[in-house]
Amino acid sequence: MQANAAVLKDQVIQPTLEYLGAWSPATEQFLLTTAMNAPEVGLFSRRSDGLGIYHITTGQHRDIWDKYLAFKPDLASKVRGLASQRAFLRDPDNELQTNLSYCTAIAWLLYQRSNPGQERPAQQANLSA
């Protein structure tokens, strides 16, 4: 199957956001744009050390678990439910590269945590600013 923007949006991003109770047209478009056009600056910048389609670093991944999800057990359980049972225990960071739903959930949580007063991205968010 060829991956393209429509497939990513319809089969990964939208279902993942719906599962997290965070879907809106703006959140969907924000994550799609971020995955397809990772900006050079900002949270999801193109870095050689980032993993997966959102270029999440291992430090960001650990931080979201240790300093955010550790205090939100219900949400942590939902996110953990997206990960592979055995593979996650062996190498959690590998999920960022091999599991699009898990990676999308982590990307959304990184955005959400960095913008605490704003539940959803602005409808016309400028991702390159």
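Predicted model: local features only at pLDDT ≥ 70, side-chain atom pairs only at ≥ 80, totals over all residues.

User: At roughly what angle do the axes of α4 and α7 cross?

Analyst: An angle over 145 degrees counts as roughly antiparallel, and α4 and α7 are therefore in that class. Their axes come within 8 Å and cross at roughly 150 degrees.

User: How many charged residues are in the contact of α4 with α7?

Analyst: On the α4 side, Leu75, Val79 and Leu82 take part, and they meet Ser101, Tyr102, Ala105, Ile106 and Leu109 of α7. By class, that contact has seven nonpolar residues and one polar, and the number of charged ones is: no charged residues.

User: Are the buried residues of α4 on the same side or on opposite sides?

Analyst: Leu75, Ala76, Val79 and Leu82 are the buried ones in α4 (residues 73-82). They cover an arc of only 110 degrees around the axis, so they sit on the same side of α4.

User: Which exposed residues does the face of α4 turned away from its buried side carry?

Analyst: The buried residues of α4 have cover that includes α1, α3 and α7. The face turned away from that buried side carries Pro73, Asp74 and Gly81.

User: Is α1 oblique or roughly parallel to α7?

Analyst: The axes of α1 (residues 5-20) and α7 (residues 100-114) come within 9 Å and cross at roughly 55 degrees. Roughly parallel would need an angle under 35 degrees, so α1 is, relative to α7, oblique.

User: And is the crossing of α1 and α7 left-handed or right-handed?

Analyst: Residues of α1 including Leu8, Val12 and Leu20 meet a set in α7 that includes Thr104 and Trp108. As for the sense in which α1 passes α7, the crossing is right-handed.

Terms used. Residues numbered from 1 in each chain as written. Heavy atoms only, no water. Axes fitted to C-alpha atoms, helices over the stretch in contact; angles between N-to-C directions. Helix = DSSP H or I, 4+ residues; strand = E, 2+ residues; numbered from the N terminus. Parallel < 35°, antiparallel > 145°, perpendicular 65-115°, else oblique. Left-handed = near helix turned anticlockwise from the far one by under 90°. Contact = heavy atoms within 4.5 Å. Buried < 20%, exposed > 50% of the residue type's maximum accessible area, 1.4 Å probe, protein only. Arc of directions from axis to C-beta. Nonpolar A, V, L, I, M, F, W, Y, C, P; charged D, E, K, R; others polar.
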